[in-house]
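Hello,

Here is the structure I promised to pass on. Please have a look at it, and then read my short notes below.

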Amino acid sequence: MMIAVTSHFTSSDGAWPAPSPRRHRRRPRLRGWVIALVLAVVLAVAGATIPVNAVIESPGPTWNVLGSADAAGSETESGQSASIISVEGTTTYPAAGALRMTTVAVRGCPGYPVTTFDLIAAWLSPEQAVVDRESVCPSSMSAEQVEQANQAQMTSSEQAAVVAALLESGQATRTILTIQSIAEEQKTADVRSGDVLVSLTPAGAQTTTINSFSQLRERMSTIAPGTSVTLGLQRDGEATQTTLTTIAPSDEDGDGEPDSSGSLLGLMLQVSADSPVTASFGLQDVGGPSAGMMFALGIIDSITPGDLTGGKDIAGTGTISVDGSVGPIGGIAQKMVGAKESGSAFFLAPADNCSDVVGHEPEGIQVYAVATLHEAVQAVQAIASGDTSSLSNCQAFLTR
């Protein structure tokens, strides 16, 4: 019986048979494939679900500021579509063509996470850009705080656009600086909310009549902190004066140096124009300051006779200050793509963005550099006339 059992394990010559190579080699190979498959699944899930600390910018929607806010879903209380810009207090004129504000779609801020796969797709896309999150929406801010900051920038941009447009069109002759609030350092001064700043006299110096915010800012840049200054005010229609001591600019970037030269009054000022003309804005769910220039152009087109655009579709971007200066913005490459996709053949870019423009202009769209609202108006008029020979593209601007 024992011989019968052992005959299954020995050959006729008594030698052990060679082990089966198939049986002993397949198991490690199969195990390796299983491990690789599991790792691949884990990496795929992680790449598709785990957020990364980066922001992706891509072309966003555009809106014609001369038209309605249908694309944004904005409606009046009666259910009618709201105009993006509504002007009251003066005669308005119909406008053809388009003055198109451009936007950037942003992912990576609170509430809109991006993953590794999103980053890879963005790196491979010529229309998207990966930027540092801290420069767009600091990690210290919540989603609500980011939204509030964007809306505050939009509101400030709208207010500046109104003042700049009224001054450029001649509907206003000067700006009015009304005190809104007072810094803690100036609480002892006889300054009230609603006072209008008329003049400024540093101790031992001549009086400066204040006609614009830019003029005040320039004058304050020459006054040292700790200087006694007499303010000329208009209060409830009556002239009055008060004296306060200027304070040092803040050091928000923490480098130990003031963020600007000169000193500050420690007053929060609202800038308006000496005009009965007002404007309101119907665009919702869009934030940031970069539509300022296009808002100002839209107001000018509305309150001046004729058709500023000549029926052309013109897009653009840029911040606006009350004195008409056009400032740089982020995401301009994506905004130019969005303009092209919306059908614009022309684009107005802030001159300070020209280094970001050159080499990124979409085919079939002409880009012109502007530094002021006045230059922007001239550019639109030139495009309307069909003669743009007087305008500068960004390449020409950078080689001046």
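A disulfide here is a pair of cysteine sulfur atoms within 2.5 Å. This is a predicted model, in which local features need pLDDT of at least 70 and side-chain atom pairs count only at pLDDT 80 or more, while totals for chains, interfaces and linings use all residues. Residues are numbered from 1 along each chain as its sequence is written, and side-chain values use heavy atoms, with hydrogens and water left out.

Searching the whole structure turns up two disulfides. One joins Cys-109 and Cys-137, with 2.1 Å between the sulfur atoms. This pair links distant parts of the chain, 28 residues apart: Cys-109 lies in the loop between strand 3 (98–107) and helix 3 (116–124), and Cys-137 in the loop between strand 4 (129–131) and helix 4 (143–169). Helices (H or I, at least four residues) and strands (E, at least two) are DSSP runs, numbered from the N terminus. Both cysteines, Cys-109 and Cys-137, are buried, meaning under 20% relative accessible area, with exposed over 50% and partly exposed in between (1.4 Å probe, protein chains only).

Cys-354 and Cys-394 also form a disulfide, and their sulfur atoms are 2.2 Å apart. The torsion about that S-S bond is about -70°, so the link of Cys-354 and Cys-394 is left-handed. Cys-354 is buried at 0% relative accessibility, and Cys-394 is buried at 1%.

Lastly, Ala-345 sits in the loop between helix 7 (332–341) and strand 15 (346–350). Ala-345 counts as partly exposed, at 29% relative accessibility.

Enjoy exploring!
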